[in-house]
Amino acid sequence: MRHLISPLDLSTDELKEILDLADRIIEHPEAYSSVCHGKKLATLFYEPSTRTRLSFEAAMINLGGQVLGFSSADSSSAAKGESVADTIRVISSYADICAMRHPKEGAPYVASQFSSIPVINAGDGGHNHPTQTLTDLLTIRRLKKHFDGITIGFCGDLKFGRTVHSLINALVRYDNIRFILISPAELKIPSYLREEVLDEKKIEYKEVHKLEEVLPELDILYMTRVQRERFFNEEDYIRLRDSFILDAKKMELAREDMFVLHPLPRVNEIATEVDQDPRAKYFEQAKNGVYVRMALIMKLLNLEVPVC
Ligand code: CP
């Protein structure tokens with residue numbers, strides 16, 4: 001039985017297999033409409049979500065399966081003090097696979113140790129968000145056709161942003177990747193990522209504070225929200241929340257073939273006027289999340305891929 005806790009739980013060959021399958025699902029969705037008949041997905045969300053939970057549910061429904069779950073800790077027995085370990089033991093007898101989001105880093109890993117069904121990490125604290133990474137990789141590959149040699153700028157909250165941490169970890173396995181890390185000094189990437197991943201693997205990167213000065217260099221700009229829920233101090237959040245705002249004027253500095261991604265939700269960091277720019281791909285990215293989660297569910301349940 002396989003779980004997905006970190007993006008590194010999948011080899012690059014397995015990643016390719018999942019992205020290829022997602023591409024085939026996009027081309028022939030009808031061929032996959034009953035592969036999960038009789039199967040159930042449980043969504044255990046101890047933290048708010050729109051895209052991840054609902055795209056998992058849409059994915060299972062599109063595959064002909066059914067869904068059950070809870071969307072907040074308050075509406076589950078976690079509010080009465082039940083542990084993640086006990087919860088997953090019970091859910092293992094109600095569903096065939098589960099997706100778990102939790103504010104505590106490592107909670108989905110703990111669940112996987114007590115589970116008899118595959119556990120998918122749907123975001124744990126500021127740590128990892130592997131299915132967002134699959135979504136991002138599918139989107140980048142569909143836009144750029146490859147990962148090797150791309151320059152990707154990550155902008156915003158790089159300290160707490162789990163989508164950034166997961167995507168960096170996944171991308172360093174490809175050749176000649178170059179990162180430009182754009183953040184205020186207080187929201188730089190964690191030192192473990194700089195020292196144990198980027199420095200260790202001799203990845204080319206630079207850290208800057210101004211988006212304008214690096215925009216012309218980028219193939220992909222990955223914007224992120226400054227996350228109020230990760231701050232201990234409201235004053236710090238207010239001071240940092242509008243550090244970067246991408247607008248139509250700044251987009252003039254970017255290349256015609258540079259694409260803007262964002263895991264969403266956005267607050268102020270991308271002006272709504274940018275949505276009209278054909279290079280803005282964040283809503284397409286959110287849509288891709290359904291297809292890649294369909295492919296992942298099929299992979300973890302070891303389902304036969306229909307011939308089409
Ligand atoms: N990208 C993402 O994780 O969005 P949600 O928080 O809405 O699930």
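1. Arg51 has a polar side-chain atom 2.9 Å from an oxygen atom of the ligand. This is a polar contact, that is, a pair of N or O atoms within 3.5 Å; within protein, one atom must be able to donate a hydrogen and the other to accept it, and residues adjacent in sequence count only if both atoms are side-chain atoms. The model is a predicted one, in which local features need pLDDT of at least 70 and side-chain atom pairs count only at pLDDT 80 or more, while totals for chains, interfaces and linings use all residues. Residues are numbered from 1 along each chain as its sequence is written, and side-chain values use heavy atoms, with hydrogens and water left out.

2. A polar backbone atom of Thr50 is 2.8 Å from an oxygen atom of the ligand. For Leu264, a backbone N or O atom lies 3.0 Å from a nitrogen atom of the ligand. On its own the ligand has 260 Å² of accessible area, and the protein covers 91% of this. Such areas come from the Shrake-Rupley method with a 1.4 Å probe; for residues, only the protein chains shown count as cover.

3. Which residues surround the ligand? They are Ser49, Thr50, Arg51, Thr52, Arg101, His129, Gln132, Pro263 and Leu264. A residue is listed as near if one of its heavy atoms lies within 4 Å of the molecule or strand in question.

4. Helix H4 spans residues 107–114, and its buried residues are Ala107, Pro108, Ala111 and Ser112. Seen down the axis of H4, these residues fall within an arc of 145 degrees, so they line one face of the helix. The arc is taken from the directions from the helix axis to the C-beta atoms. Buried means under 20% relative accessible area, exposed over 50%, and partly exposed in between (1.4 Å probe, protein chains only). Helices (H or I, at least four residues) and strands (E, at least two) are DSSP runs, numbered from the N terminus. Among the elements that cover the buried residues of H4 are helix H3 (84–91), strand S3 (97–102) and strand S4 (119–124).

5. Ser112 lies in helix H4. Its relative accessible area is 6%, so Ser112 is buried. The side chain of Ser112 reaches the backbone oxygen of Tyr109 at 2.6 Å. Not counting residues up to four places away in sequence, Ser112 touches His3, Ile5 and Val119. Contact here means heavy atoms within 4.5 Å.

6. In helix H7, the buried residues are Leu193, Arg194, Val197 and Leu198. Their arc, seen down the axis of H7, is within 115 degrees, so they line one face of the helix. The cover over the buried residues of H7 includes helix H6 (162–171), S6 and S7. As background, an α-helix has 3.6 residues a turn, so residues three or four places apart point the same way.

7. Is Tyr192 buried or partly exposed? Tyr192 has 32% relative accessibility, so it counts as partly exposed. Tyr192 is also part of helix H7. Leaving aside neighbours within four places in sequence, Tyr192 is in contact with His165 and Val197. Tyr192 and Thr135 are 57 residues apart in sequence and 24 Å apart in space, C-alpha to C-alpha.

8. How many salt bridges does the structure hold? There are 23. A salt bridge is a side-chain nitrogen of Lys or Arg within 4 Å of a carboxyl oxygen of Asp or Glu. One of them joins the side chains of Glu217 and Arg178 (2.7 Å, N to O). This pair links distant parts of the chain, 39 residues apart: Glu217 is in the loop between strand S7 (204–208) and strand S8 (220–223), and Arg178 is in strand S6 (residues 178–182). Glu217 counts as partly exposed because its relative accessibility is 25%.

9. Arg239 takes part in a salt bridge with Glu186 (2.7 Å, N to O). Again the pair links distant parts of the chain, 53 residues apart, with Arg239 in helix H8 (residues 234–240) and Glu186 in the loop between S6 and helix H7 (191–199). Arg239 is partly exposed, at 49% relative accessibility, and so is Glu186, at 37%.

10. The side chain of Arg239 also forms a salt bridge with that of Asp236 (3.2 Å, N to O). Both residues lie in helix H8, 3 residues apart, about one turn of the helix. Asp236 is partly exposed, with a relative accessible area of 28%. Elsewhere, salt bridges that share partners join Lys16, Asp20, Asp23, Arg141 and Arg142 into one network.
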